[in-house]
Amino acid sequence: MFRDRNSAEKAYESLSSRGYGKDDVNLLMSDETRKTHFGDNTPDTDLGDKAMEGAGVGSAIGGTAGAIIGAIAAIGTSVALPGLGLIIAGPLAAALAGAGAGGLTGGLVGALVGSGIPEEHAAEYESGIKDGGIVMGVKPRNEEDAKYFEDEFRRHNGDKIYKY
C-alpha cells in the first residue's frame, strides 16, 4: 500500500524494470483517490493510465454475474464499483468477474479474501483504501523477483507488504 502517487509510481517503475506490465499488476484505490492523484490535470504515466482504465465506466456494476462479466468485457481488466467507490484494475478484476456477484457480496474484504488474501490483511487494505491509500500487487514469476519487489516497495515507502 502506498500513501501518495510518487511512491506508487516508483514502485510501479520497479515492476516495469523487471518486465512486468499493466496486465500483471493489481491496483486498488478509492475513486476519490483516483481523482486526486490520477485525474484531470495530473501527469500522464503508465500507472496513471492504469488507474484511469476503470474510470470511464458509464453504468454501475450490478448484482448479477452477467452484469459483472459484461462490464469486464466492456472495459477490459478493470472494474469501477461505484456503490463502493472503488477502482480495481488488473488480474483481480478478472477474478472478481469469474466469481460473479458472490465475489462482491462481502464488499472489498470479501473479494480480497476470495482472491487468496488472508482476512486480516484484506481488512488492513480496505481500511487503507478508505484513508486514501493505493494498493498495488503483483504475482512474481520467481523468488528473485519477489525479493526484489519486496525490497523496492519498502524503499518507496510501501506499507503492509505481504507475500502470498
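**Exercise 1.** Find how many bridges join β1 to strand β3, and in which sense the two run.

*Solution.* Strands here are DSSP runs of E with at least two residues, and helices are runs of H or I with at least four, numbered from the N terminus. Two strands pair if DSSP finds at least two bridges between them. β1 and β3 (residues 86–89) are joined by four bridges and run antiparallel. Within β3, isoleucine 87 is the bridge partner of methionine 29.

This is a predicted model: local features need pLDDT of at least 70, side-chain atom pairs count only at pLDDT 80 or more, and totals for chains, interfaces and linings use all residues. Residues are numbered from 1 along each chain as its sequence is written, and side-chain values use heavy atoms, with hydrogens and water left out.

**Exercise 2.** State how β1 pairs with β4, and name the partner of valine 25.

*Solution.* β1 and β4 pair in the antiparallel sense over four bridges. The bridge partner of valine 25 in β4 is valine 138.

**Exercise 3.** Explain why β1 is described as largely enclosed.

*Solution.* Buried means under 20% relative accessible area, exposed over 50%, and partly exposed in between (1.4 Å probe, protein chains only). On one side Val25, Leu27 and Met29 are buried, and on the other Asn26, Leu28 and Ser30. Six of the six residues of β1 (residues 25–30) are buried, so the rest of the structure largely encloses this strand.

**Exercise 4.** Check the span of helix α9 (residues 143–155).

*Solution.* The expected span is 1.5 Å times one less than the number of residues. For the 13 residues of α9 this gives 18 Å, and the end C-alpha atoms are 18 Å apart, which agrees. Just after α9, asparagine 157 takes a positive phi of about 65°.
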